[in-house]
Amino acid sequence: MILKTARAHAAFKGRDQITEEDILLAAELALPHRLKRRPFDEDGHLTLEQLAERMEQVRRQMEGSAPSQPLAPGGSDPKKRQDTPKDRRERRIGGRRSVTRSARKRGRYIWARPSPGQADDLAFDATFRAAAPHQIERDRSQTAIAIRPEDYHRKVRVRKAANLILFVVDASWSMAVAERMEATKGAILSLLTDAYQRRDRVGLIVFQKDRARLVLPPTSSVDLAKKALEDIPVGGKTPLSAGLLLAYEVLCREMLLRPEVRPLMILLTDGAGNVSMSELPPQEEAHRIADLFREREIPCVVINMEHAAFDQGLAQALADHLGAPCYTLQELKAESLYSTVRAAMR
């Protein structure tokens with residue numbers, strides 16, 4: 001990033017060579033947020049003077065060593081420049097948490113399956129084994145082993161995949177909003193820290209009054225997620241159906257755009273919807289939309305936000321339609337929810 005910015009600054013100044021000034025200015029922009037110790041720390045403060053002092057220290061340490069090669073206009077190594085876009089493209093949907101089947105020629109080869117006539121990503125060992133029993137009747141005058149297209153086997157691979165965690169939060173007056181929203185934020189922040197470390201993407205939907213809003217589109221930026229959490233509006237009725245429908249649309253769109261990303265919806269509600277989008281009763285409408293998640297096999301976790309003394313089983317009924325586990329308010333400690341969701345993603 002420093003190199004790209006330095007190149008851009010040099011070009012802006014009308015030069016075709018990168019200077020020390022370009023590098024220092026680029027470093028001042030690129031380094032501060034990388035000085036954090038934890039994801040939610042404030043950006044580190046780094047001045048041009050500090051950078052220049054550090055560069056001078058490095059220069060003195062390198063005195064007497066072999067002189068470094070000048071930076072080429074396109075970077076330090078033409079071969080590396082060619083490889084970089086490919087590497088970035090491969091890592092864009094990679095992750096560190098979940099194992100998933102991969103249809104691309106990446107990932108660990110675990111077994112093979114027949115692919116007659118298709119030599120793409122050929123599994124040589126399985127192909128040889130498939131051809132071996134037929135060698136007696138095949139012509140091997142021109143080759144040591146005769147392989148035909150019907151013998152082909154393709155590799156089946158697995159790789160680590162990133163998760164998309166979509167939080168859907170009931171912010172209506174049907175819950176004891178203030179206390180439970182604080183507990184919700186604490187739990188979500190714990191998960192965001194974990195998501196930051198594992199390259200997961202996080203989104204946030206809030207429903208209240210008569211609508212649902214995508215407060216935070218799916219992102220890997222924990223800073224954006226934290227800011228979205230700070231200003232969650234509360235109060236009003238409970239448009240549960242609208243929240244579920246918006247979540248379904250967001251997840252389906254993400255699954256279409258990124259087929260290898262594994263989605264997970266975390267729904268925090270007491271299950272008491274009282275606003276419909278159609279002529280159906282609110283609960284029936286919410287249950288019909290919830291059935292869509294189960295049909296698409298979208299993993300969900302329901303956190304029942306109702307107090308145990310007033311629980312009418314609405315959250316559990318909704319979880320049944322989603323095909324999801326339902327956890328009670330007593331389990332809504334940040335650490336408990338954190339462990340529960342991590343287990344669900346595995």
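These legends describe close-up views of a predicted model.

Local features need pLDDT of at least 70, side-chain atom pairs count only at pLDDT 80 or more, and totals for chains, interfaces and linings use all residues. Residues are numbered from 1 along each chain as its sequence is written, and side-chain values use heavy atoms, with hydrogens and water left out.

View 1. 6 strands line up as β6-β5-β4-β7-β8-β9, with mixed pairing. Strands (E, at least two residues) and helices (H or I, at least four) are DSSP runs, numbered from the N terminus. Two strands pair if DSSP finds at least two bridges between them. β6 (211–219) and β9 (326–327) each have a single partner strand, so one side of each lacks a neighbour in the sheet. β4 and β5 are parallel, over 7 bridges. L166 stands opposite G203 in β5.

**View 2. Strand β8 and its partners.** β7 and β8 pair in the parallel sense over 5 bridges. The bridge partner of M265 in β8 is C300. From β7 the chain crosses through α9 to β8, a right-handed β-α-β crossover. Right-handed means that, with the strands pointing away from the viewer, the path from the first strand over the helix to the second runs clockwise. β8 and β9 run parallel, joined by 2 bridges. V302 has C326 as its bridge partner in β9.

**View 3. The largest nonpolar core.** A nonpolar core is a set of buried Ala, Val, Leu, Ile, Met, Phe, Trp, Tyr and Cys residues joined through side-chain atoms within 4.5 Å. Of 31 residues in the largest one, L244, M265, L267, F293 and L322 touch the most other members. Helix α8 gives the most, with 9 residues. Leaving aside neighbours within four places in sequence, F293 is in contact (heavy atoms within 4.5 Å) with residues including L244, M265, C300 and L322. A second, separate core of 18 residues includes F167, L216, L229 and I266.

**View 4. Helix α9 against helix α10.** The axes of α9 (residues 282–295) and α10 (residues 314–322) come within 7 Å and cross at roughly 35 degrees. Axes are lines fitted to C-alpha atoms, for helices over the stretch in contact, and angles run from 0 to 180 degrees between N-to-C directions. Among the contact residues are A286, A290 and F293 of α9 and L314, L318 and L322 of α10.

Conventions:
Buried < 20%, exposed > 50% of the residue type's maximum accessible area, 1.4 Å probe, protein only.
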